[in-house]
Amino acid sequence: IRDEGDIPYLTTTHATGKHSEPVWDIKYVSKNNNNPRQTLYTISTDGYIKTWSTKKGLIPSNIMHLKRIPNKAKLRRHQLEGKSRDSSALCFDFINDNGTQYFAGSEDGIIHKCSINYNEQTLDNYYGHTGAVYKVKCSPFHSDIFISCSTDWSIILWSQKYNKPKLILQSVQEYIIDIIWCPYNSCCFASISKHGRIDIWNLQENILDPIMTFIINDKQLSCISFCQETPILIVTFEDSSIDIYYIHNISFQLLSNIN
């Protein structure tokens, strides 16, 4: 990005074993906080999660191949008939305290707990969503807690100790496409729906409804993010535009527990 040209610094070729379907999520991850060196990971609807070496070009290695399993949250049990055995993976996030374990959300509504040390078997599976899981986010404050959002209109708060939801939230009857933890309040996060709703939640104040809501009527949302050191929320749209919101009444507090 420092060069004026548009030629990629590194790129893949057809012979490198790259993903065979769209890549939905990408992350740089440090294995520990004391080591600044990061590893690149990607996830795709082909069911593979890969790590990439950048020493001699972009060379991938498989760290997990997710297999399709029945979703216990759904009532019908014939959903696997006529479908691929590979699980269509859409999102993932690493647990912050180790850099080796992560959660992967699938099109089937299941969230898989995985480790980079095991490429065939998941550590656990979490059942609660009945639609595709668009985002899963680990809490930056509590390694046990993570949240997810889905096409089933719901947001779910999870404890990794249990494979059933700890809390199910719903504010709108449409797809929830992105969710993000607030970096300076351990009980606060924001979510967006596809057709213009922005919700800010604070579980310390209300576990049923968002504490703030913004409605944008003319645009379709795409993703959301908090600034790290100031109460600013950044929202992007499918037409490539960006909105920036200053949030006035979110307290700068790091709570020690989510009960």
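## Aromatic pairs

A residue counts as buried under 20% relative accessible area, as exposed over 50%, and as partly exposed in between. In this predicted model, Trp24 has a relative accessibility of 44% and therefore counts as partly exposed. A search of the whole structure finds 15 aromatic pairs, and one of them joins Trp24 to Tyr134, whose ring centres lie 6.4 Å apart with their planes at 15 degrees, so the pair is stacked. Because Trp24 belongs to strand E1 (residues 23-30) and Tyr134 to strand E9 (residues 133-138), this pair ties together parts that are 110 residues apart in sequence.

Phe92 and Tyr102 form an edge-to-face pair, with 6.4 Å from centre to centre and 85 degrees between the planes. Phe92 lies in strand E5 (residues 89-94) and Tyr102 in strand E6 (residues 101-106), so the parts tied together here are ten residues apart in sequence. Both Phe92 and Tyr102 are buried, and together with Tyr41 and Phe94 they form one aromatic cluster.

## Charges over rings

Lys50 lies over the face of Tyr48, at 5.0 Å from the ring centre, while the charged end of Lys219 sits over the ring of Phe237, 4.8 Å from its centre.

## A four-stranded sheet

Four strands make up an open sheet in the order E13-E14-E15-E16, with antiparallel pairing. Strand E13 (176-181) and strand E16 (212-215) stand at the edges with a single partner strand each, so one side of each is left without a neighbour in the sheet. From one strand to the next, the twist averages 15 degrees.

Within this sheet, strand E14 (residues 188-193) and strand E15 (residues 197-202) pair in the antiparallel sense over five bridges, and the bridge partner of Ala190 in E15 is Ile200.

Technical notes
Residues numbered from 1 in each chain as written. Predicted model: local features only at pLDDT ≥ 70, side-chain atom pairs only at ≥ 80, totals over all residues. Heavy atoms only, no water. Pairing = 2+ DSSP bridges. Helix = DSSP H or I, 4+ residues; strand = E, 2+ residues; numbered from the N terminus. Axes fitted to C-alpha atoms, helices over the stretch in contact; angles between N-to-C directions. Phe/Tyr/Trp six-rings, centres within 6.5 Å; stacked < 30°, edge-to-face > 60°. Buried < 20%, exposed > 50% of the residue type's maximum accessible area, 1.4 Å probe, protein only. Lys NZ or Arg CZ within 6 Å of the ring centre and 35° of its normal.
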